[in-house]
Amino acid sequence: MATKVIVTGGLGFIGSHTVVELQQKGYQVVIADNLSNSTIGTADRIAKITGERPVVEVVDLADRDACLSFFRTHADARAVIHFAAAKAVGESVQRPLHYYRNNLDSLMYVVEGMWQTSCRKLVYSSSCTVYGQPERLPVTEQTPRLAAECPYGNTKQVSEDILTDLVHGQLPPDGQPFRILALRYFNPIGAHPSALIGEQPNGVPGNLVPFITQTVAGIRPCLQVFGNDYGTPDGTPVRDYIYVCDLAQAHVAAMEYLDKDAAVGIDFLNLGAGRGYSVLEVINSFERSTGEKVNYKITGRRAGDIEQIWADTSKAERLLGWKAGTDIDQMTSSAWKWQQSLAREQ
């Protein structure tokens, strides 16, 4: 019988790509999603890729009663991949209480549901924002966590602390310990090669690449580049951009790792490409890979942004046997193909 996995936020950007990889590896997937930043039609798109429509339940995991009821319904699930969270840096500065309630309540209720149903394996969607602005680059998992630059980053730090305290506390009633991997993502971009799924934020995008594609598609009038006076080669912020399909494959590897005896407790892994690109370099890659011109303007810095960060991914390579291998031009090109696919459907 196929292993049943709950994927929270499974209709979102990273979640949908991970569901595809899980199904193609033979896992039985159940998605819990409140549709706050996703659409129900994504389940049909997943089915077109894999030949199987995942089970989807529309549920607000920050509602304790709804969350625990969902877990009772799926008490036979053996693992959870927890993506569901509000995740825009800028929005978190404007709406901090929403971020704390949504991200922390949902995590605690998910873990409570796991506790009550004997589900003990958790892959947690963390973030490189837990490092703040590091003093040395690249960051390793031993890099000190500095004060978060935004409420979103702080919710990820607090969530990691909650999970650490969980595994160091008393054992659940069945005596089986939790096995947790907290995956610190860097900046996922791109879309599935089929152009059937990709990043499709509700409202104004909070991330760079969908803002680029929507600007070129005429949905947005202009891309704002927030600051060109940082201490980077071209003055714009530098990030580690990872192809979303590479990231999705890392989650399958994480699931397999949690089956090993050494996985008891909690561990932390950086998931990135291992190098940094500036905002202008990403724009240049998009123009180079698509032949399209991006209308952008330089504006002031955005609250909550750090100057630069990229990952040392050697620990993930060693433990998971995984390494990101897609170049930046392939990433930006795939994002544009996805945007074009959306345009053809309208």
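Q: Is His17 buried or exposed?
A: His17 is buried, at 1% relative accessibility. Buried means under 20% relative accessible area, exposed over 50%, and partly exposed in between, with a 1.4 Å probe and protein chains only.

Q: What kind of model is this, and how is it numbered?
A: The model is predicted: local features need pLDDT of at least 70, side-chain atom pairs count only at pLDDT 80 or more, and totals for chains, interfaces and linings use all residues. Residues are numbered from 1 along each chain as its sequence is written, and side-chain values use heavy atoms, with hydrogens and water left out.

Q: Back to His17. Which helix holds it?
A: His17 lies in helix H1, residues 13-24. Helices (H or I, at least four residues) and strands (E, at least two) are DSSP runs, numbered from the N terminus.

Q: What does the His17 side chain reach?
A: The backbone nitrogen of His192, at 3.1 Å. A polar contact is a pair of N or O atoms within 3.5 Å; within protein, one must be able to donate a hydrogen and the other to accept it, and residues adjacent in sequence count only if both atoms are side-chain atoms.

Q: Which residues does His17 touch?
A: Leaving out residues up to four places away in sequence, His17 touches Ala191, His192, Ile197, Gly198, Val244, Cys245 and Ala248. Contact means heavy atoms within 4.5 Å.

Q: New topic. Where is the cis peptide bond?
A: From Leu137 to Pro138, with omega near 0°. Pro138 is in the loop between strand S5 (121-127) and helix H6 (151-168).

Q: What is phi of Ser118?
A: Near 65°, a positive value in a residue other than glycine. Ser118 is in the loop between helix H5 (96-117) and S5.

Q: And how accessible is Ser118?
A: Ser118 is partly exposed, at 37% relative accessibility.

Q: What about phi of Ala195?
A: Positive, about 60°, although Ala195 is not a glycine. Ala195 lies in the loop between strand S7 (187-189) and helix H7 (208-216).

Q: Is Ala195 buried or exposed?
A: Buried, with a relative accessible area of 10%.

Q: Last one. At what angle do H7 and H9 pack?
A: About 45°, with the axes of H7 and helix H9 (residues 279-290) 11 Å apart. Axes are lines fitted to C-alpha atoms, for helices over the stretch in contact, and angles run from 0 to 180 degrees between N-to-C directions.

Q: Which residues make that contact?
A: Leu208, Val209, Ile212, Thr213 and Val216 of H7, with Val279, Val282, Ile283 and Phe286 of H9.
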